[in-house]
Amino acid sequence: MTRNSIIGKSLSLLTDAFQEGVHSVLPHLLIPKFVRRENESLLVGHRAYKLNNNVHLVGFGKAVITMIKPIEDMLRNSNSSSHLVSGVVSVPWKIQESIQNVELLPDNHSCVEIMEGAKNNIPDHDAFDAAKKILNVVQDLKLEDLLIVLISGGGSALLPMPIPPITLEEKSSIVRQLSTAGADIVELNTVRKAISAVKGGKLAENTKATIISLILSDVIDSSLDIIASGPTVPNTDHPGKAMEIISKYNVIISPDVRHVMSNQLRSENVDFPDASNNVIGDNKLALEATRRFFKQKQRDCHPIVVTSSLKGEAAMIGHSIVLLSKEIIDGYRCGHIDITPSLLLDLHVERHANFIEEISRCVTEKLPLCLLFGGESTVEVKGTGVGGRNQEMVLAATIHMKTELPRVPEDQEPLVVLLSAGTDGLDGPTTAAGALTYWTPQRCLYDDALDEDVRPERYLARNDSHSFFRKLSSGKYLVQPGHTGTNVMDLQMLYIRP
Ligand SMILES: Nc1ncnc2c1ncn2[C@@H]1O[C@H](COP(=O)(O)OP(=O)(O)OP(=O)(O)O)[C@@H](O)[C@H]1O
Ligand SMILES: O=C(O)[C@H](O)CO
(Lines give C-alpha, C1' and ligand atoms only; values in the text may rest on other atoms or scores of the structure.)
(Ligands and ions follow the chains in the order given, each with its own letter.)
Protein backbone atom coordinates (compact mmCIF):
# COMPACT_ATOMS: atom_id res chain seq x y z
CA MET A 1 0.00 0.00 0.00
CA THR A 2 1.33 3.48 -0.78
CA ARG A 3 1.81 6.01 1.98
CA ASN A 4 -1.05 8.11 0.59
CA SER A 5 -3.48 5.24 0.63
CA ILE A 6 -2.51 4.33 4.21
CA ILE A 7 -3.16 7.93 5.24
CA GLY A 8 -6.48 7.99 3.33
CA LYS A 9 -7.62 4.72 4.90
CA SER A 10 -6.71 5.91 8.39
CA LEU A 11 -8.62 9.17 7.94
CA SER A 12 -11.70 7.17 6.84
CA LEU A 13 -11.28 4.74 9.72
CA LEU A 14 -11.45 7.56 12.26
CA THR A 15 -14.40 9.21 10.49
CA ASP A 16 -16.29 5.89 10.51
CA ALA A 17 -15.44 5.35 14.19
CA PHE A 18 -16.81 8.80 15.00
CA GLN A 19 -20.05 7.95 13.18
CA GLU A 20 -20.29 4.70 15.11
CA GLY A 21 -19.86 6.59 18.40
CA VAL A 22 -22.62 9.01 17.40
CA HIS A 23 -24.90 6.17 16.31
CA SER A 24 -24.58 4.48 19.70
CA VAL A 25 -26.12 7.48 21.44
CA LEU A 26 -29.02 8.18 19.09
CA PRO A 27 -31.93 8.87 21.44
CA HIS A 28 -34.51 6.74 19.61
CA LEU A 29 -32.31 3.73 20.35
CA LEU A 30 -31.69 4.69 23.98
CA ILE A 31 -35.27 5.50 25.04
CA PRO A 32 -36.66 1.95 24.65
CA LYS A 33 -33.79 0.63 26.78
CA PHE A 34 -34.92 2.86 29.61
CA VAL A 35 -38.68 3.23 29.28
CA ARG A 36 -41.20 0.39 28.83
CA ARG A 37 -44.94 0.07 28.71
CA GLU A 38 -46.52 -2.79 30.64
CA ASN A 39 -50.30 -2.87 30.36
CA GLU A 40 -51.54 0.37 31.91
CA SER A 41 -48.22 1.29 33.48
CA LEU A 42 -45.14 3.08 32.25
CA LEU A 43 -41.93 1.61 33.64
CA VAL A 44 -39.01 4.01 33.90
CA GLY A 45 -35.88 2.66 35.53
CA HIS A 46 -37.17 1.01 38.70
CA ARG A 47 -40.37 3.04 38.98
CA ALA A 48 -43.86 2.33 37.63
CA TYR A 49 -46.33 5.09 36.74
CA LYS A 50 -50.07 4.55 36.32
CA LEU A 51 -51.35 5.55 32.87
CA ASN A 52 -54.79 7.11 32.66
CA ASN A 53 -54.90 9.46 29.63
CA ASN A 54 -52.81 11.71 31.82
CA VAL A 55 -49.42 12.10 30.11
CA HIS A 56 -48.07 15.45 28.91
CA LEU A 57 -44.70 15.99 27.31
CA VAL A 58 -42.31 18.91 27.08
CA GLY A 59 -38.74 18.95 25.84
CA PHE A 60 -35.80 21.14 24.90
CA GLY A 61 -32.39 20.38 23.43
CA LYS A 62 -30.50 19.35 20.33
CA ALA A 63 -31.43 15.69 20.73
CA VAL A 64 -35.08 15.71 21.74
CA ILE A 65 -36.58 15.70 18.24
CA THR A 66 -36.00 11.94 17.90
CA MET A 67 -36.99 11.15 21.49
CA ILE A 68 -40.66 11.99 20.88
CA LYS A 69 -41.62 9.17 18.51
CA PRO A 70 -40.63 6.23 20.75
CA ILE A 71 -42.58 7.79 23.64
CA GLU A 72 -45.63 8.38 21.45
CA ASP A 73 -45.49 4.81 20.12
CA MET A 74 -45.30 3.43 23.64
CA LEU A 75 -48.25 5.46 24.89
CA ARG A 76 -50.53 4.59 21.95
CA ASN A 77 -53.18 1.95 22.68
CA SER A 78 -54.22 -0.87 20.36
CA ASN A 79 -57.40 1.07 19.44
CA SER A 80 -55.12 4.02 18.42
CA SER A 81 -56.17 6.21 21.33
CA SER A 82 -53.25 7.45 23.40
CA HIS A 83 -52.34 8.21 26.99
CA LEU A 84 -50.35 11.15 25.64
CA VAL A 85 -52.59 14.20 25.81
CA SER A 86 -50.41 17.17 24.87
CA GLY A 87 -46.86 18.24 24.22
CA VAL A 88 -44.54 21.10 23.25
CA VAL A 89 -40.84 20.87 22.46
CA SER A 90 -38.23 23.51 21.71
CA VAL A 91 -35.65 22.24 19.19
CA PRO A 92 -32.89 23.80 17.08
CA TRP A 93 -33.67 25.86 14.03
CA LYS A 94 -34.10 23.71 10.90
CA ILE A 95 -33.39 20.45 12.72
CA GLN A 96 -36.46 18.70 11.26
CA GLU A 97 -35.38 19.18 7.68
CA SER A 98 -31.87 17.97 8.46
CA ILE A 99 -32.97 14.63 9.93
CA GLN A 100 -32.64 12.36 6.92
CA ASN A 101 -34.61 9.43 8.27
CA VAL A 102 -38.09 10.99 8.51
CA GLU A 103 -39.38 7.88 10.27
CA LEU A 104 -37.63 9.15 13.39
CA LEU A 105 -39.72 12.32 13.45
CA PRO A 106 -43.16 12.50 15.09
CA ASP A 107 -45.88 11.78 12.52
CA ASN A 108 -48.27 14.38 11.10
CA HIS A 109 -51.06 13.62 13.59
CA SER A 110 -48.80 14.01 16.60
CA CYS A 111 -50.23 16.05 19.49
CA VAL A 112 -46.73 17.33 20.23
CA GLU A 113 -46.10 20.84 18.94
CA ILE A 114 -42.58 21.26 17.59
CA MET A 115 -41.11 24.73 17.86
CA GLU A 116 -37.76 25.52 16.22
CA GLY A 117 -35.47 28.34 17.31
CA ALA A 118 -32.10 29.40 18.77
CA LYS A 119 -30.33 29.70 15.42
CA ASN A 120 -26.56 29.16 15.91
CA ASN A 121 -27.31 28.04 19.47
CA ILE A 122 -28.11 31.63 20.54
CA PRO A 123 -31.37 32.12 22.50
CA ASP A 124 -33.81 34.13 20.34
CA HIS A 125 -37.46 35.18 20.35
CA ASP A 126 -38.59 31.88 18.77
CA ALA A 127 -36.98 29.94 21.61
CA PHE A 128 -38.44 32.43 24.09
CA ASP A 129 -41.95 31.82 22.68
CA ALA A 130 -41.38 28.08 23.00
CA ALA A 131 -40.23 28.49 26.60
CA LYS A 132 -43.37 30.50 27.45
CA LYS A 133 -45.57 27.81 25.91
CA ILE A 134 -43.74 25.07 27.81
CA LEU A 135 -44.15 26.96 31.08
CA ASN A 136 -47.90 27.39 30.39
CA VAL A 137 -48.30 23.67 29.76
CA VAL A 138 -46.59 22.64 32.99
CA GLN A 139 -48.39 25.27 35.09
CA ASP A 140 -51.81 23.97 33.98
CA LEU A 141 -51.18 20.37 35.00
CA LYS A 142 -52.88 18.65 37.94
CA LEU A 143 -51.64 16.38 40.70
CA GLU A 144 -52.75 13.22 38.87
CA ASP A 145 -50.93 14.15 35.64
CA LEU A 146 -47.60 12.75 34.47
CA LEU A 147 -45.15 15.16 32.87
CA ILE A 148 -42.42 13.65 30.70
CA VAL A 149 -39.58 16.13 30.28
CA LEU A 150 -37.14 15.37 27.45
CA ILE A 151 -33.82 17.10 28.11
CA SER A 152 -30.57 17.24 26.21
CA GLY A 153 -27.61 19.53 25.67
CA GLY A 154 -28.43 22.77 23.94
CA GLY A 155 -31.50 22.91 26.19
CA SER A 156 -30.29 26.07 27.92
CA ALA A 157 -30.35 28.12 24.71
CA LEU A 158 -33.67 26.56 23.72
CA LEU A 159 -35.45 27.39 26.99
CA PRO A 160 -34.64 31.03 27.65
CA MET A 161 -36.78 32.83 30.17
CA PRO A 162 -34.89 35.61 31.93
CA ILE A 163 -36.32 36.83 35.24
CA PRO A 164 -38.00 40.21 34.53
CA PRO A 165 -36.92 42.94 34.06
CA ILE A 166 -33.88 41.23 32.47
CA THR A 167 -34.40 41.18 28.70
CA LEU A 168 -33.59 38.35 26.33
CA GLU A 169 -30.96 40.55 24.69
CA GLU A 170 -29.24 41.20 28.04
CA LYS A 171 -29.28 37.51 28.84
CA SER A 172 -27.84 36.55 25.43
CA SER A 173 -25.10 39.14 25.80
CA ILE A 174 -24.04 37.66 29.17
CA VAL A 175 -23.93 34.15 27.73
CA ARG A 176 -21.93 35.33 24.70
CA GLN A 177 -19.43 37.26 26.83
CA LEU A 178 -18.91 34.32 29.17
CA SER A 179 -18.48 31.69 26.49
CA THR A 180 -16.06 33.69 24.36
CA ALA A 181 -14.06 34.59 27.49
CA GLY A 182 -13.42 30.87 28.02
CA ALA A 183 -15.91 30.11 30.83
CA ASP A 184 -16.70 26.41 31.02
CA ILE A 185 -20.22 24.98 30.96
CA VAL A 186 -20.44 24.69 34.76
CA GLU A 187 -19.67 28.39 35.14
CA LEU A 188 -21.93 29.37 32.28
CA ASN A 189 -24.89 27.44 33.58
CA THR A 190 -24.39 28.63 37.16
CA VAL A 191 -25.00 32.14 35.85
CA ARG A 192 -27.87 31.00 33.61
CA LYS A 193 -29.59 29.41 36.62
CA ALA A 194 -29.31 32.61 38.64
CA ILE A 195 -31.10 34.78 36.07
CA SER A 196 -33.70 32.34 34.76
CA ALA A 197 -37.34 31.79 35.66
CA VAL A 198 -37.25 28.11 34.61
CA LYS A 199 -33.68 26.82 35.01
CA GLY A 200 -32.20 25.58 38.29
CA GLY A 201 -35.30 23.57 39.22
CA LYS A 202 -37.79 26.35 38.58
CA LEU A 203 -39.63 24.46 35.83
CA ALA A 204 -40.34 21.68 38.33
CA GLU A 205 -41.44 24.21 40.96
CA ASN A 206 -44.08 25.40 38.49
CA THR A 207 -46.05 22.18 38.20
CA LYS A 208 -48.18 19.94 40.39
CA ALA A 209 -47.67 16.94 38.08
CA THR A 210 -45.33 14.01 38.68
CA ILE A 211 -42.19 14.58 36.61
CA ILE A 212 -40.27 11.95 34.65
CA SER A 213 -37.19 13.53 33.07
CA LEU A 214 -35.33 11.61 30.39
CA ILE A 215 -31.93 13.19 30.01
CA LEU A 216 -29.18 12.73 27.45
CA SER A 217 -26.06 14.07 29.14
CA ASP A 218 -23.62 16.44 27.42
CA VAL A 219 -21.63 17.44 30.49
CA ILE A 220 -18.71 15.91 32.35
CA ASP A 221 -19.82 13.50 35.09
CA SER A 222 -23.45 13.98 33.94
CA SER A 223 -24.10 16.59 36.66
CA LEU A 224 -27.88 16.85 36.55
CA ASP A 225 -27.99 20.48 37.68
CA ILE A 226 -25.73 21.48 34.77
CA ILE A 227 -27.30 19.62 31.83
CA ALA A 228 -29.51 22.24 30.12
CA SER A 229 -29.11 24.15 33.44
CA GLY A 230 -31.15 21.60 35.40
CA PRO A 231 -34.76 22.82 35.05
CA THR A 232 -36.08 19.81 37.00
CA VAL A 233 -33.24 19.59 39.53
CA PRO A 234 -32.95 21.61 42.75
CA ASN A 235 -30.47 24.47 42.57
CA THR A 236 -28.03 24.12 45.44
CA ASP A 237 -25.64 26.87 44.28
CA HIS A 238 -24.49 29.38 46.85
CA PRO A 239 -26.37 32.65 46.07
CA GLY A 240 -23.15 34.65 45.52
CA LYS A 241 -21.60 32.14 43.13
CA ALA A 242 -23.02 33.55 39.88
CA MET A 243 -21.78 37.04 40.72
CA GLU A 244 -18.28 35.67 41.40
CA ILE A 245 -18.23 34.19 37.90
CA ILE A 246 -19.43 37.48 36.39
CA SER A 247 -16.52 39.25 38.11
CA LYS A 248 -13.97 36.55 37.19
CA TYR A 249 -14.61 37.06 33.46
CA ASN A 250 -15.19 40.84 33.64
CA VAL A 251 -18.65 40.48 32.13
CA ILE A 252 -20.49 43.75 31.63
CA ILE A 253 -23.99 43.57 33.14
CA SER A 254 -26.86 46.03 33.49
CA PRO A 255 -28.15 47.31 36.87
CA ASP A 256 -31.25 45.09 36.36
CA VAL A 257 -29.11 41.97 36.10
CA ARG A 258 -27.07 43.03 39.12
CA HIS A 259 -30.28 43.61 41.06
CA VAL A 260 -31.74 40.17 40.19
CA MET A 261 -28.48 38.43 41.03
CA SER A 262 -28.00 40.16 44.35
CA ASN A 263 -31.56 39.32 45.41
CA GLN A 264 -31.09 35.65 44.65
CA LEU A 265 -31.97 33.45 47.59
CA ARG A 266 -30.72 29.99 48.32
CA SER A 267 -33.27 27.57 46.83
CA GLU A 268 -35.89 26.46 49.35
CA ASN A 269 -36.43 23.25 47.47
CA VAL A 270 -33.55 20.92 48.14
CA ASP A 271 -35.44 17.92 46.81
CA PHE A 272 -38.31 17.28 44.42
CA PRO A 273 -39.77 13.96 45.61
CA ASP A 274 -42.17 13.84 42.65
CA ALA A 275 -39.46 14.26 40.05
CA SER A 276 -37.28 11.43 38.80
CA ASN A 277 -34.32 12.47 36.70
CA ASN A 278 -33.00 9.67 34.51
CA VAL A 279 -29.83 9.82 32.41
CA ILE A 280 -30.41 7.67 29.32
CA GLY A 281 -27.01 8.13 27.68
CA ASP A 282 -23.70 9.96 27.86
CA ASN A 283 -20.23 10.40 26.40
CA LYS A 284 -18.96 7.17 28.02
CA LEU A 285 -21.43 5.12 25.95
CA ALA A 286 -20.16 6.71 22.74
CA LEU A 287 -16.52 6.11 23.72
CA GLU A 288 -17.23 2.46 24.46
CA ALA A 289 -18.98 1.99 21.09
CA THR A 290 -15.99 3.56 19.38
CA ARG A 291 -13.62 1.25 21.23
CA ARG A 292 -15.63 -1.78 20.10
CA PHE A 293 -15.59 -0.48 16.53
CA PHE A 294 -11.79 -0.35 16.50
CA LYS A 295 -11.54 -3.84 17.98
CA GLN A 296 -13.75 -5.23 15.20
CA LYS A 297 -12.47 -3.24 12.23
CA GLN A 298 -8.78 -3.00 12.97
CA ARG A 299 -7.73 -6.17 14.66
CA ASP A 300 -4.06 -5.24 15.01
CA CYS A 301 -4.93 -1.89 16.64
CA HIS A 302 -5.23 -1.47 20.38
CA PRO A 303 -7.98 1.03 21.31
CA ILE A 304 -7.84 2.60 24.79
CA VAL A 305 -10.51 4.80 26.38
CA VAL A 306 -8.37 7.45 28.07
CA THR A 307 -10.99 9.75 29.58
CA SER A 308 -14.54 11.01 29.30
CA SER A 309 -13.72 14.21 31.15
CA LEU A 310 -11.28 16.04 28.91
CA LYS A 311 -11.49 19.78 29.50
CA GLY A 312 -9.31 22.88 29.21
CA GLU A 313 -8.22 25.27 26.47
CA ALA A 314 -8.68 23.59 23.07
CA ALA A 315 -5.32 24.67 21.61
CA MET A 316 -3.46 23.55 24.77
CA ILE A 317 -5.12 20.15 24.60
CA GLY A 318 -4.06 19.93 20.93
CA HIS A 319 -0.50 20.58 22.11
CA SER A 320 -0.63 17.99 24.90
CA ILE A 321 -1.94 15.39 22.45
CA VAL A 322 1.04 16.04 20.18
CA LEU A 323 3.48 15.79 23.12
CA LEU A 324 1.98 12.42 24.03
CA SER A 325 2.25 11.30 20.38
CA LYS A 326 5.92 12.23 20.43
CA GLU A 327 6.58 10.13 23.52
CA ILE A 328 4.79 7.18 21.92
CA ILE A 329 6.72 7.46 18.62
CA ASP A 330 10.00 7.68 20.56
CA GLY A 331 8.79 4.69 22.57
CA TYR A 332 8.21 2.61 19.42
CA ARG A 333 11.80 3.38 18.40
CA CYS A 334 13.50 2.45 21.64
CA GLY A 335 10.98 -0.16 22.91
CA HIS A 336 10.30 1.71 26.13
CA ILE A 337 8.23 4.70 27.24
CA ASP A 338 8.27 7.10 30.21
CA ILE A 339 5.16 9.24 30.04
CA THR A 340 5.67 12.72 31.49
CA PRO A 341 3.42 12.84 34.61
CA SER A 342 2.05 16.31 33.84
CA LEU A 343 0.69 15.00 30.52
CA LEU A 344 -1.47 12.52 32.40
CA LEU A 345 -3.00 15.42 34.31
CA ASP A 346 -3.31 17.76 31.31
CA LEU A 347 -5.13 15.06 29.37
CA HIS A 348 -7.32 14.08 32.33
CA VAL A 349 -6.25 10.42 32.06
CA GLU A 350 -8.69 8.51 34.27
CA ARG A 351 -6.71 5.48 35.46
CA HIS A 352 -3.03 6.39 35.37
CA ALA A 353 -1.53 3.00 36.23
CA ASN A 354 -3.66 1.08 33.71
CA PHE A 355 -3.02 3.64 31.02
CA ILE A 356 0.75 3.52 31.49
CA GLU A 357 0.71 -0.27 31.51
CA GLU A 358 -1.34 -0.54 28.31
CA ILE A 359 0.67 2.06 26.42
CA SER A 360 3.94 0.43 27.53
CA ARG A 361 2.78 -2.93 26.22
CA CYS A 362 1.77 -1.47 22.84
CA VAL A 363 5.05 0.36 22.53
CA THR A 364 7.12 -2.73 23.35
CA GLU A 365 5.08 -4.95 21.02
CA LYS A 366 4.94 -2.21 18.36
CA LEU A 367 1.13 -2.33 18.15
CA PRO A 368 -0.84 0.49 16.51
CA LEU A 369 -2.80 2.44 19.10
CA CYS A 370 -5.99 4.42 19.13
CA LEU A 371 -6.46 6.67 22.14
CA LEU A 372 -10.05 7.74 22.71
CA PHE A 373 -10.96 10.90 24.60
CA GLY A 374 -14.30 12.54 25.37
CA GLY A 375 -15.23 15.82 26.99
CA GLU A 376 -15.60 19.48 26.20
CA SER A 377 -12.83 22.03 25.76
CA THR A 378 -13.10 25.83 25.79
CA VAL A 379 -11.75 28.61 23.62
CA GLU A 380 -11.04 32.16 24.59
CA VAL A 381 -12.09 33.80 21.34
CA LYS A 382 -9.94 36.89 20.81
CA GLY A 383 -9.97 37.01 17.01
CA THR A 384 -12.77 37.72 14.58
CA GLY A 385 -12.56 34.43 12.68
CA VAL A 386 -15.05 31.61 12.35
CA GLY A 387 -14.33 28.40 14.20
CA GLY A 388 -15.16 25.99 16.95
CA ARG A 389 -13.31 24.30 19.81
CA ASN A 390 -12.77 21.00 17.92
CA GLN A 391 -11.45 22.62 14.75
CA GLU A 392 -9.24 24.92 16.84
CA MET A 393 -7.79 21.91 18.71
CA VAL A 394 -6.98 20.11 15.46
CA LEU A 395 -5.49 23.23 13.88
CA ALA A 396 -3.23 23.79 16.91
CA ALA A 397 -2.20 20.12 16.83
CA THR A 398 -1.35 20.44 13.11
CA ILE A 399 1.13 23.21 13.90
CA HIS A 400 2.71 21.37 16.85
CA MET A 401 2.98 18.14 14.85
CA LYS A 402 5.11 19.93 12.27
CA THR A 403 7.49 21.45 14.78
CA GLU A 404 7.62 18.87 17.55
CA LEU A 405 7.24 15.38 16.18
CA PRO A 406 10.59 13.68 15.59
CA ARG A 407 12.26 13.20 12.22
CA VAL A 408 12.81 9.46 12.41
CA PRO A 409 15.13 7.44 10.13
CA GLU A 410 13.91 6.80 6.56
CA ASP A 411 13.25 3.12 7.22
CA GLN A 412 10.64 3.97 9.86
CA GLU A 413 7.24 5.23 8.80
CA PRO A 414 5.16 6.18 11.82
CA LEU A 415 1.78 7.75 11.17
CA VAL A 416 -0.29 9.94 13.49
CA VAL A 417 -3.92 10.85 12.74
CA LEU A 418 -6.12 12.98 14.99
CA LEU A 419 -9.86 13.61 14.83
CA SER A 420 -11.79 15.93 17.12
CA ALA A 421 -15.51 16.52 16.60
CA GLY A 422 -18.72 17.37 18.45
CA THR A 423 -21.29 14.59 18.58
CA ASP A 424 -24.09 17.09 17.91
CA GLY A 425 -22.59 17.63 14.44
CA LEU A 426 -21.97 21.35 14.82
CA ASP A 427 -18.80 22.84 16.29
CA GLY A 428 -19.39 26.41 17.52
CA PRO A 429 -21.20 28.61 15.00
CA THR A 430 -19.99 26.52 12.02
CA THR A 431 -21.52 23.87 9.77
CA ALA A 432 -18.86 21.25 10.60
CA ALA A 433 -18.62 18.96 13.63
CA GLY A 434 -14.84 19.09 13.70
CA ALA A 435 -11.75 18.21 11.70
CA LEU A 436 -8.94 15.72 11.06
CA THR A 437 -5.19 16.10 10.70
CA TYR A 438 -2.30 13.73 9.95
CA TRP A 439 1.45 13.54 10.25
CA THR A 440 4.19 11.33 8.84
CA PRO A 441 7.90 12.16 9.00
CA GLN A 442 7.90 12.79 5.25
CA ARG A 443 4.69 14.77 4.90
CA CYS A 444 1.97 16.22 7.08
CA LEU A 445 -1.15 18.38 6.85
CA TYR A 446 0.94 21.44 7.67
CA ASP A 447 2.98 20.87 4.49
CA ASP A 448 -0.20 20.50 2.42
CA ALA A 449 -1.43 23.80 3.85
CA LEU A 450 1.78 25.64 2.93
CA ASP A 451 1.63 24.21 -0.60
CA GLU A 452 -1.87 25.63 -0.91
CA ASP A 453 -0.75 28.92 0.61
CA VAL A 454 -3.02 28.56 3.65
CA ARG A 455 -0.85 29.47 6.64
CA PRO A 456 -2.01 27.60 9.77
CA GLU A 457 -0.55 30.07 12.29
CA ARG A 458 -2.41 33.03 10.77
CA TYR A 459 -5.74 31.23 10.97
CA LEU A 460 -5.13 30.09 14.55
CA ALA A 461 -4.21 33.61 15.66
CA ARG A 462 -7.59 34.86 14.37
CA ASN A 463 -9.58 31.91 15.84
CA ASP A 464 -10.40 31.14 12.23
CA SER A 465 -10.07 27.36 12.28
CA HIS A 466 -13.21 26.72 10.22
CA SER A 467 -12.06 29.01 7.40
CA PHE A 468 -8.70 27.19 7.47
CA PHE A 469 -10.18 23.73 7.10
CA ARG A 470 -12.79 24.88 4.59
CA LYS A 471 -10.11 26.38 2.37
CA LEU A 472 -7.60 23.54 2.68
CA SER A 473 -8.06 20.85 0.00
CA SER A 474 -11.66 22.01 -0.55
CA GLY A 475 -12.74 21.05 2.96
CA LYS A 476 -11.46 17.44 2.69
CA TYR A 477 -10.35 17.37 6.34
CA LEU A 478 -13.61 18.66 7.82
CA VAL A 479 -15.97 16.25 9.57
CA GLN A 480 -19.43 17.32 8.36
CA PRO A 481 -22.31 15.07 9.34
CA GLY A 482 -24.80 17.96 9.79
CA HIS A 483 -27.18 17.92 12.79
CA THR A 484 -26.83 14.37 14.15
CA GLY A 485 -29.90 14.50 16.39
CA THR A 486 -27.82 13.61 19.44
CA ASN A 487 -25.41 15.45 21.76
CA VAL A 488 -22.98 13.88 24.25
CA MET A 489 -20.10 16.42 24.11
CA ASP A 490 -17.05 15.91 21.86
CA LEU A 491 -14.91 12.91 20.88
CA GLN A 492 -11.20 12.88 20.10
CA MET A 493 -9.38 9.94 18.52
CA LEU A 494 -5.62 9.75 18.25
CA TYR A 495 -4.44 6.94 15.97
CA ILE A 496 -0.73 6.11 15.98
CA ARG A 497 1.01 3.43 13.89
CA PRO A 498 4.66 2.54 14.50
N1 LIG B 1 -14.17 31.53 16.23
C2 LIG B 1 -14.18 30.56 17.15
N3 LIG B 1 -13.14 29.73 17.27
C4 LIG B 1 -13.13 28.75 18.21
N5 LIG B 1 -14.15 28.54 19.06
C6 LIG B 1 -15.22 29.33 18.97
C7 LIG B 1 -15.31 30.37 18.02
N8 LIG B 1 -16.49 30.99 18.19
C9 LIG B 1 -17.13 30.36 19.21
N10 LIG B 1 -16.36 29.36 19.68
C11 LIG B 1 -16.64 28.46 20.79
O12 LIG B 1 -17.80 27.71 20.50
C13 LIG B 1 -18.39 27.31 21.74
C14 LIG B 1 -19.87 27.29 21.55
O15 LIG B 1 -20.10 26.23 20.67
P16 LIG B 1 -21.48 25.52 20.49
O17 LIG B 1 -22.46 26.54 20.06
O18 LIG B 1 -21.25 24.32 19.63
O19 LIG B 1 -21.78 25.19 21.97
P20 LIG B 1 -21.99 23.88 22.71
O21 LIG B 1 -21.20 24.06 23.97
O22 LIG B 1 -21.71 22.68 21.88
O23 LIG B 1 -23.50 24.03 22.94
P24 LIG B 1 -24.39 23.25 23.92
O25 LIG B 1 -23.51 22.90 25.09
O26 LIG B 1 -25.41 24.26 24.24
O27 LIG B 1 -24.84 22.06 23.18
C28 LIG B 1 -17.90 28.27 22.78
O29 LIG B 1 -17.13 27.51 23.70
C30 LIG B 1 -17.01 29.24 22.04
O31 LIG B 1 -15.86 29.56 22.76
O1 LIG C 1 -27.69 23.32 27.18
C2 LIG C 1 -26.73 23.40 27.94
O3 LIG C 1 -26.73 24.05 28.98
C4 LIG C 1 -25.47 22.67 27.63
O5 LIG C 1 -25.56 21.99 26.41
C6 LIG C 1 -25.15 21.72 28.74
O7 LIG C 1 -26.13 20.76 28.87
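1. In what order do the strands of the open sheet of six strands stand, and with what pairing? The order is β10-β11-β15-β12-β13-β14, and the pairing is mixed. Strands here are DSSP runs of E of at least two residues, and helices are runs of H or I of at least four, both numbered from the N terminus. Two strands pair if DSSP finds at least two bridges between them. β10 (302–310) and β14 (478–479) are the edge strands, each pairing on one side only.

2. A note on the source. This is a predicted model, in which local features need pLDDT of at least 70 and side-chain atom pairs count only at pLDDT 80 or more, while totals for chains, interfaces and linings use all residues. Residues are numbered from 1 along each chain as its sequence is written, and chains are lettered from A and ligands numbered from 1 in the order in which they are written.

3. S420 stands opposite A435 in β13. Helix α13 (residues 314–334) packs on this sheet, touching β10, β11 (369–375), β12 and β15, and its direction makes about 25° with that of β15. Helix α1 (residues 3–24) lies across β12, β13, β14 and β15 (490–497), at about 30° to β12. Contact means C-beta atoms, placed from the backbone, within 7 Å. Axes are lines fitted to C-alpha atoms, for helices over the stretch in contact, and angles run from 0 to 180 degrees between N-to-C directions.

4. The domain assignment, which is automatic or taken from a database, gives domain 1 (3–22 + 284–497) and domain 2 (27–281). Their centres, taken over C-alpha atoms, are 33 Å apart. The contact takes 19 residues from domain 1 and 25 residues from domain 2. On the domain 1 side, six are nonpolar, eight polar and five charged. Nonpolar covers Ala, Val, Leu, Ile, Met, Phe, Trp, Tyr, Cys and Pro; charged covers Asp, Glu, Lys and Arg; the others, Gly among them, are polar.

5. Ligand 1 has 27 residues around it, of which N121, V379, G387, G428 and N463 come nearest. A residue is near a molecule or strand if its C-beta atom, placed from the backbone, lies within 6 Å of it. Helices α6, α7 (168–180) and α16 (389–404) each give two or more residues to this shell. Both domain 1 and domain 2 contribute at least three residues to the shell around ligand 1. By class, the shell has six nonpolar, 15 polar and six charged residues.

6. The residues around ligand 2 include G153, G154, G155, S156 and D218. α6 (155–158) and α8 (185–194) each supply at least two residues of this shell. The shell around ligand 2 divides into four nonpolar, six polar and one charged.

7. Strand β7 (residues 146–152) is largely enclosed by the rest of the structure, because seven of its seven residues are buried. Buried means that 20 or more other C-beta atoms lie within 10 Å of the residue's own, with C-beta atoms placed from the backbone; 12 or fewer counts as exposed, and in between as partly exposed. L146, I148, L150 and S152 point one way from β7, and L147, V149 and I151 the other way. L147 stands opposite H56 and has I211 as its bridge partner in β8.

Methods: Two residues are in contact if their C-beta atoms, placed from the backbone, lie within 7 Å.
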